[in-house]
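Reader: I'd like to go through the chain contacts in this one and hear what each label rests on. Can you show it to me first?

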Amino acid sequence: MATMRLPSGTYHQTYQQDQAWWQTRFVWLRMIGLLFILLVFIPLWMPVLFPDIGLYVVSVANLIGYTILSAMGVQLLIGYAGQLTLGHSAFIAVGGYTSAICMLMFGIPYPITIILAALTAGLWSMLFGLPSVRVKGYYLIMTTMAAQFITVDFIITQYVAQIGGRGQAFSIPPGTITFGPIEIDNDIKVYYLMIALVIACMVFVGNLLRTRVGRAWLAIRDNDIAAEVLGVNVVRYKLAAYFVGGALGGIAGSFWITSIYAVSPEHFTWSWSLWVVGVILIGGVGSLYGTVFGAMFMTLVPEILRFAVAPLQPVFPQLMTNFQFLKESVFGLSIVLFLLYEPKGLAYRWWQIKNYLHLWPFSY
Amino acid sequence: MDIFLQLIITGFMVGSIYALVALGWTLIYKSSGVLNLAMGELTLIGAYVSYTFYMWKIPFPLAVVFTLIIGVILGLLTERIFLRPLIGEPTLTVIMVTVGLSFFFRGLIFLFFNTDTLVFTPPVFPSEPVRLGNVVIGQVYIWSFIAALVLLAVFVIFFQRTRWGLAIQATADDEMAALSLGVSAKFVYAAAWAIAFMAAGVGGTLLGNINGINISIGYLGLLVLPAVVIGGLNSVPGAIVGGIIIGVLQNLAGGYLDPLTIAGFKVFPGGVKDIFPYVVMTIMLLVKPYGLWGWIRIERV
Amino acid sequence: MDTNGSILKLNNIEVMYHEVILVLKGVSLQVPAQSIVAVLGANGAGKSTTLKAISGLLKHEDGAVTDGSIEFMGQRIDRKHAEEIARAGIVQVIEGRRVFEHLTVEQNLIVGAHLRGGATVKPGLERVYHYFPRLTQIRHRLAGFCSGGEQQMMVMGRALMASPKLLLLDEPSMGLAPLLIKEIFTIITQLNQREQLPILVVEQNAKLALTVASYAYVLETGRVVMDGNADQLRDNQDIKEFYLGLTDLGTRKSFRDVKHYKRRKRWLT
Amino acid sequence: MPDHDDGVQLQVQNVYMAFGGVGALKGIHLRVRQGEIFSIIGPNGAGKTVMLNCISGLYKPQRGKILFEGKDITSLRPYQRARLGFSRTFQKIELFRGMTVLDNIRLGRHLHLHANLWSGGLYFGRAEREEIANREFIEREIIDLLEITHIRNQVVGMLPYGLQKRVELARALALQPRLLILDEPMAGLTLEEVEDMARFILDVNEDPKWRVTCILVEHDMGVVMDISHQVAVLNFGEKIADGKPDEIQRDERVHHAYLGEKEDLYVTRR
């Protein structure tokens, strides 16, 4: 994406200023405002001001956060390193199970299990990244799909999920997940955890992208031959991308177990893998903001659909029973239409609007 | 030994149906480069459509013909409405559109038919099995096998002999050169989708006769992917051989590995049958990155 | 040049790629009936683009004719699709010997007759094998396994199968051995003389092109900078210098001397 | 050629390469001396680009050896050769089209930076200092030298062809190479751009700060004959001549192999 034009009157005297993230005071103010909304308004004031829907909003925000975390690794792999993947749920699952097993069986504190989950998922992802050394494009899609089916539908379902001995469910008793002295037992605490993780991951990935590691990924994505000639060890950086992508998935999985009572393979289906790819496509491939926009779109549309259908229920009683199918088909259609009419994603549109407002009212 | 033979033969026959669906898939990929993840749903549609016709007391052969016709119409519509505007978009976008389509189709199907298993009643094929020595084969399998073979033959002749068959292959080889000779790429894409819908429709109908119609037929689309990859994405004979290989291997895995207990230790508690094609495919790709007969792209700079 | 009796006329056309990059900045040229016309110029001067604008293949590469018009036998064709233009009788042999690798030689030729229907296949094949006897021996070989010269013959034969009224040839000599180039150009002359087939040929090899063509245009960065009868051009001083390299090196300024000042001289603009 | 080894930087020994049975290179020997401009010429399809790809490691020759400063590098991957100081441009521009000019050049600096997953992710501190020092180097040494100051923040894909060629050279130079491989740098340029390009090549070749050895494949005989120290002529995968530019211009076999007549040597010129 092209660089944003600076407002006139702003000059840079050092390269440090020129390479900084928030380049004007206005941007600073805006970011602080955003942080206020995220940290104070939504979790603390919303439930008080709007008791009816406040907590619901927080729980939807948590779902959005989970989607962002899930999609971030996919964004890194597809959007930045150019490695198509349709099996990311596998690594989210590895993260979730690692966290759960470490806490329940070894009594390791939750914050540490997040790190362990990231490492395990990262390494597991690297294992399935190995074929990328030899195969490209569509064949790579197939091996990532294999990662999904082999990991979730076979290893986890048949072996890992049996450890607890109670069928496939791996229940997490209340009070298991603690962050130091704080027990994470309600949506608002989950929300704060979510915000912390999302910001940490975004800053980490954003930073990586402006150093040589990130540029090497972009180079591999755009033109791997030229990248190799410039001295980029393509194999190593591809595997590094798989590691970081998988680790982000692991963090997502580790986070998600705070919101559910039992971990089971059904939480990490192939549909979720496809879903997160949809998130980055709709948000915008190769844009961190795009991941956020996409996650909001993909979470809010089904929620809105649910509200839209509710008033019709007395008239068509069978509608609610079939709602799942209706939702699925409307949702599928909306993805298709979105990609047909907005193929560059929401982030691109956002960038256009921003540039427009930036120059308004003198658009020259 | 008898069990082994039994498994091989059944696998071969089911595999021929996979081959049929894989062929439709390959065709779309070959001519327009679209990786179609909605193939399972196309198969489902075919199965439900022919079931509906059959339930309207239309004779089975005629019901199949009608299914083919509906397949052509749906194929043309799908290509025209959803895929054609995407020519020139990044491959991932196109793949995701097919994913969206698969959600859309699946949702619609279950909205109309619900998720219960439907069975062709009265059964189309006699349930009395045929005995070959000690091997027992249901007549459904034999007829399905024959039907699949006939259709495969028709497709192969179409590609080798007819004007449009050649044109489709030419477009797959070099779209620009084909265009320069007046071959309409749009028509080729539309034809590919129509044929894919037809192949999937017949495949779905046959599978529906074997096990009844439910969502499991939709998973066929996922089974077909390893089949075409093993054959090499853009090879017609590859799709056929790949389909049969997957059918046989899957049956063997189901028969011998699912579950497998060695010395009281459960090596495979179950579920091998479903993922086996993917394991084979991954190993295969590591050895031969372009499948058995896939085209190897030479990178030129 | 005589404007009547031309079957193809390009009037001051402009071509843009991706709606931003202007590649042709006003190109006019004409092809008289039954003649061979050559377009000369450097890499990237816009020769291939001109051919693609005529045959309609431009649209396929996200390019468009944004100004001017192209007329073929009195009809505007610049808005038409490649398929319609091919049906009208303009067939382009695109650069780089793009054969259908996974089809046999004969199947390649049959695809060429796609628009003309089954009845023309047999006489068409006979005609092609008459001009390119070498193809007869390899008719059942896969096109991908043929040599460069055979592939060039194949793509030209394939175009003939479409019974063209105007043949567009893009760099037929590229990458071929000198002997083969001679053979190909002899056949080009034969096709023109025996079948009265008009041919528009794009070539980097100016000398070769000027021996077979009767008229030629010189393209430089998207403009026609010179045109004339082939023998006139062969004697032209600038053509000699820039395309035939006939001046002796002593009088030409060396690129070493350019080094520390910028020469602003432009020729012919 | 007298056979002495002094100053030989790159040696190609009996390299053989075939694609699907068709020989593209049939036993080529080349010797490139430190600090010279070495041109490879020949008709299309003679194997020039294949030769360059073998030298830069994109293809591995089926027979023969390639030595760089006495060390056998035949089986090194391209990125390993980049560490030795190889850098190249491509016949069809292979830039990262969606990135800015600055980012393209930054990529050329990959080997001179050291951030890893961890320090890069944290950024502040080491990685930031490194990035800023790097930016200074690029601005001072590369952007200034190649006169592309005005376009440094533009997206490469939108630039005119001639400037893209220049950015590709900039990216190759950012590597601070010791051996620069240029595949048709003049193709498609206007005369003025050709002059600029020739000037830049001479600059990096002669300036004591750079002293880069250049291997050049080019069709523009004027440029080749004017700026090269050595010229090798390939024809159908075989080397038919090798020598100083004026020797090549007198060589009967070169004239013969190209088309048969003396003046035809310049047919390929622009």
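Predicted model: local features only at pLDDT ≥ 70, side-chain atom pairs only at ≥ 80, totals over all residues.

Reader: Which chains share the most contacts?

Author: Chains A and B do, out of 5 pairs of chains in contact. There, 52 residues of chain B are in contact with 39 residues of chain A. The buried area is about 4200 Å², with carbon and sulfur atoms giving 79% of it; that is the accessible area (1.4 Å probe) that two parts lose on being put together, summed over both. On the chain B side, B:Leu92, B:Met96 and B:Phe103 lose the most area to chain A, together 17% of what that side buries.

Reader: What makes A:Glu328 and B:Arg106 a salt bridge?

Author: The rule asks for a side-chain nitrogen of Lys or Arg within 4 Å of a carboxyl oxygen of Asp or Glu. For A:Glu328 and B:Arg106 the N to O distance is 3.7 Å, so the pair qualifies under that rule. The count between chain B and chain A is 1 salt bridge.

Reader: Which element of chain B gives the most to the side that touches chain A?

Author: That's α4(B), with 16 residues. Helices (H or I, at least four residues) and strands (E, at least two) are DSSP runs, numbered from the N terminus. The residues on that side of chain B divide into 36 nonpolar, 13 polar and 3 charged. Ala, Val, Leu, Ile, Met, Phe, Trp, Tyr, Cys and Pro count as nonpolar, Asp, Glu, Lys and Arg as charged, and the others, Gly among them, as polar.

Reader: And what is in contact between chain B and chain C?

Author: 21 residues of chain B meet 25 residues of chain C. The area buried between them is about 2100 Å², 66% of it from carbon and sulfur atoms. In chain B, B:Leu166, B:Met176 and B:Leu181 lose the most area to chain C, together 32% of what that side buries.

Reader: Inside chain A, why are α7(A) and α10(A) called roughly antiparallel?

Author: Helix α7 (residues 187–209) and helix α10 (residues 234–256) of chain A pack at about 175°, with axes 11 Å apart. Axes are lines fitted to C-alpha atoms, for helices over the stretch in contact, and angles run from 0 to 180 degrees between N-to-C directions. Angles under 35 degrees count as roughly parallel, over 145 as roughly antiparallel, 65 to 115 as roughly perpendicular and the rest as oblique. So α7(A) and α10(A) are roughly antiparallel to each other.

Reader: Which residues of α10(A) make that contact?

Author: A:Leu248, A:Ile251 and A:Phe255, meeting α7(A) residues that include A:Val190 and A:Leu197. The residues of the contact divide into 9 nonpolar, no polar and no charged.

How values were computed:
Residues numbered from 1 in each chain as written. Chains lettered and ligands numbered in written order. Heavy atoms only, no water. Contact = heavy atoms within 4.5 Å.
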